[in-house]
Structures are given as structure tokens and as C-alpha cells.
Amino acid sequence: MPQVTEVGRRAAEILDRMRAHPAYDRLHSSSMTYSTCWATFTGYPAISRWSLERDAGALLEEALRVLALKAAVFALSGGDERAAELLVPAPVDEMIHAVLAQFTLMTRMQADLAVVFPHATELEEFTYTRGCVTDAYYAAAGWGEQPLRYWLDSAEVTRRLDLLNTRYQAAGLGRDGRSHDFDFDRPEPVAAGVSG
């Protein structure tokens, strides 16, 4: 892994260059719009008293910081995708997906800034723990303390999702909201069941 101080310095530079890019405002607004179109049951909802409208801006800031960190690690490791797939908490990871969904803008920004924003789902691990190397890189970038509202240990995310799943199932949704047995073609209300 690259040196912590070097990753922090490079990431801070990348984030500043992203913000100065002519497409940044569009990237910001498009990423925020994406949030109203799609969200999982396993990322954002792990936040206490979560509200997409209230939390989206702060989550976007964290996602952009992580993307800058990943780009810095990727560059400093000679293009090592595995090294660049940093451990990240679930709520922040979900917002990273919203940013990367802006494919055309991100492609343009990568070309203009001569950086790569790596992301490979098959390399992701959902084992973020406070104090890991991601936190060290974040601190070295000079961004201050991470907002603990969003930077949740994987064990805490699991605990919260277990509580949420009890409620999801009571509402007729399968585990993590991945299934239901509602029949929308039936003319009268039908008792909900859970298939998974």
C-alpha cells in the first residue's frame, strides 16, 4: 500500500481539481437527482433518523472524498485495483454508486484530470472498521474528523439492518427489501406475504 501521507496529499489535490472542473456542478446536481430515483434498503437506511433530502449533501461530500482517496491509491500503487478498493461504510458506498452512475460526466472528468476513479464490485469488502487504513488516508488528506453519523463500522451496520429487517418483514418485504409477494394486478387488497 502507498504511504499514508502521500495518499492524503494526492487525494486532497484530486478533490480540489474535481471541484474546479467545469462539469463539477453538473456532477453534483446529477448525483443528487440519482438519489431520488433509486436507493437500496441496506445502505442509506442504516443511518439513524435518516432522511434522503437532509443527508444527501453530506453523503455526497463523503463519497467524493472517498473517490479521491481511491484515485490516489490507484495512481500511487501503479494501477492496483485491489489496493484502491478501500474499505468504506455502507451509507457512503451507496452514495459512491450514485456518483459513478453519472458515467459520461465521470468519464470526461477522468480524461480531463488524467486520473482513474476505480470501482469494482467484485473486489468490494463490506468489513469497514474504524481505525482502518481508509481512516488514516482520510486524516492525511486534511479533511478533519469523519462524520460518524455516516462512517459506521460494519458490525454496527449489521446490527441496524437486523433491526430494520424485522420492520421490513412486518410490512411484507423480504430480507433487505429484496423481495415481496404483493400482487399489483389484483383488484382488491391482499394480505402481504414474505418470500425471502
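**Entry 1**

Helices here are DSSP runs of H or I with at least four residues, strands are runs of E with at least two, and both are numbered from the N terminus. With that in hand I turned to R49 of this predicted model, and I found R49 in the loop between α2 (24-37) and α3. I noted a phi near 50° for R49, which is a positive value in a residue other than glycine. Most residues other than glycine have a negative phi.

**Entry 1: the whole chain**

I counted the elements next, and the secondary structure of the protein comes to eight helices and zero strands, so that the order read from the N terminus is α-α-α-α-α-α-α-α. Taken along the principal axes, the C-alpha atoms fill a box of roughly 60 × 35 × 30 Å. Of the 196 residues, 45% count as buried, and the protein exposes about 10100 Å², of which carbon and sulfur atoms supply 53%. I also looked up how far along the chain the contacts reach: among those between residues at least 6 apart in sequence, 71% join residues at least 24 apart. For the charges, I wrote down that the mean positions of the 19 positive and 27 negative ones are 4 Å apart.

**Entry 2: E62 in α3**

I went to E62, which lies in helix α3 (residues 52-76). E62 counts as buried because its relative accessibility is 3%, and the cut-off for buried is under 20%. Which side chains does the side chain of E62 meet in polar contacts? One is the side chain of Y138, at 2.8 Å, and another is the side chain of W151, at 2.9 Å. Not counting residues up to four places away in sequence, E62 touches V92, Y138, P147 and W151.

Helix α5 (residues 90-100) is mostly covered, with nine of its eleven residues buried.

For helix α6 (residues 103-113) I listed L105, M106, M109 and L113 as the buried residues. Seen down the axis of α6, these fall within an arc of 95°, so they line one face of the helix. F103, T104 and A111 are exposed on the other side of α6.

I followed the chain past the end of α6 to A114, which has a positive phi and is found in the loop between α6 and α7. The phi of A114 is near 55°, in a residue other than glycine. At 70% relative accessibility, A114 counts as exposed.

**Entry 3: α7**

I took one distance from A139: its C-alpha atom and that of D80, 59 residues apart along the chain, are separated by 22 Å. Just after α7, G142 takes a positive phi of about 80°.

**Entry 4: R160 in α8**

My last stop was R160, whose place is in helix α8 (residues 154-170). Is R160 buried or exposed? R160 is buried, because its relative accessible area of 19% falls under the 20% cut-off. The side chain of R160 makes a polar contact of 2.7 Å with the side chain of E156, and a polar contact of 3.5 Å joins the side chains of R160 and S48. Leaving aside neighbours within four places in sequence, I found R160 in contact with A46, I47, S48 and L152.

Conventions: Residues numbered from 1 in each chain as written. Heavy atoms only, no water. Buried < 20%, exposed > 50% of the residue type's maximum accessible area, 1.4 Å probe, protein only. Polar contact = N/O pair within 3.5 Å; in protein donor to acceptor, adjacent residues only side chain to side chain. Contact = heavy atoms within 4.5 Å. Areas by Shrake-Rupley, 256 points an atom, 1.4 Å probe, with all protein chains shown as cover. Lys, Arg positive; Asp, Glu negative; His and termini not counted. Charge placed at Lys NZ, Arg CZ, Asp CG, Glu CD. Arc of directions from axis to C-beta.
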